[in-house]
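Have a look and see whether you read the contacts as I do.

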Amino acid sequence: MKPRPAVSIVIPAYNTEKYIERCINSCLFQKTTLEYEVVVTDDNSSDATLEILEDVYSREELLNIRHNQDNIGVGLTRNECIKRAKGRYVFLLDSDDYIHPFTIDLMYRSLQLLPHVPVTYCDYIYVDDHEQKSRPISAKERPIACGMMISKFLFAQFGLYSDMSIGEERDFHTRLVGNNVDMLHLPLPLYRYRQHDLSITSEFETKRSYDCQ
């Protein structure tokens with residue numbers, strides 16, 4: 001019998017045919033000895049996102065791929081992933097973003113050092129379509145929806161994401177804060193947060209640079 005994964009990486013996907021392979025490959029090439037899985041739900045994409053998932057990754061044992069018959073939005077699609085997740089912890093990733101190879105290992109082991117803490121979140125770097133990157137951004141100062149590893153029991157205790165067109169992650173975060181849930185900030189830029197035009201943000205490095213991970 002296959003052991004229960006320590007971590008489930010959950011990915012709601014919608015119309016990201018240009019980025020989905022970069023996202024999935026960053027999950028498959030994690031440098032860790034942990035058992036983990038990647039749970040993806042396509043939200044009835046109108047482009048080739050689902051076809052890429054099924055054609056490229058149909059034989060990949062780490063992946064659990066499903067698709068919605070109708071478009072239901074990112075919050076409810078993320079819920080579908082979480083419901084199927086078998087891991088003790090859930091890691092949140094968007095389908096146009098990607099992660100550093102040591103993300104899962106570092107975040108999981110950080111939580112093991114602090115067993116009373118059920119949530120950790122990492123810093124991030126903006127990347128554009130050319131893999132040009134920003135300086136590291138503190139998720140404590142400027143939080144984002146993803147780049148978080150959450151004990152699955154919290155979803156049973158405080159509920160899943162709300163059916164909201166925007167702001168579903170803020171609603172969930174407010175529930176955690178309101179219930180005094182301890183959260184560990186890991187000040188390492190492990191998450192790659194895609195911005196399609198870095199030239200419009202002050203985080204852009206004037207000297208052109210590229211992200212190798």
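1. R78 first: with a relative accessible area of 2%, this arginine is buried. Keep in mind that we're looking at a predicted model. The R78 side chain meets that of D94 in a salt bridge, 3.4 Å from N to O. R78 sits in helix α3 (residues 74-84) and D94 in the loop between β4 (89-92) and β5 (98-99), so the pair ties together parts 16 residues apart in sequence.

2. Then R194, which is in strand β9 (residues 183-194). R194 also counts as buried, at 5% relative accessibility. A polar atom of its side chain lies 2.7 Å from the backbone oxygen of D96, and the backbone oxygen of D128 lies 3.1 Å from a polar atom of that side chain. Leaving aside residues up to four places away in sequence, R194 touches several others, among them Y19, Y98 and V127.

3. What does D129 form a salt bridge with? The partner is K18, with the closest N and O atoms 3.1 Å apart. D129 belongs to the loop between β6 (119-127) and β7 (133-137), K18 to the one between β1 (7-13) and α1 (20-28), so this pair links parts 111 residues apart in sequence. K18 is exposed at 60% relative accessibility, while D129 is partly exposed at 29%.

4. Within helix α4 (residues 103-113), R109 and D105 are 4 residues apart, about one helical turn. Their side chains form a salt bridge at 2.9 Å, N to O. D105 is buried at 13%; R109 is partly exposed at 36%. Elsewhere, salt bridges with shared partners join K18, R22, D129, E131 and R194 into one network.

Technical notes
Residues numbered from 1 in each chain as written. Predicted model: local features only at pLDDT ≥ 70, side-chain atom pairs only at ≥ 80, totals over all residues. Heavy atoms only, no water. Helix = DSSP H or I, 4+ residues; strand = E, 2+ residues; numbered from the N terminus. Buried < 20%, exposed > 50% of the residue type's maximum accessible area, 1.4 Å probe, protein only. Polar contact = N/O pair within 3.5 Å; in protein donor to acceptor, adjacent residues only side chain to side chain. Contact = heavy atoms within 4.5 Å. Salt bridge = Lys/Arg side-chain N within 4 Å of Asp/Glu carboxyl O.
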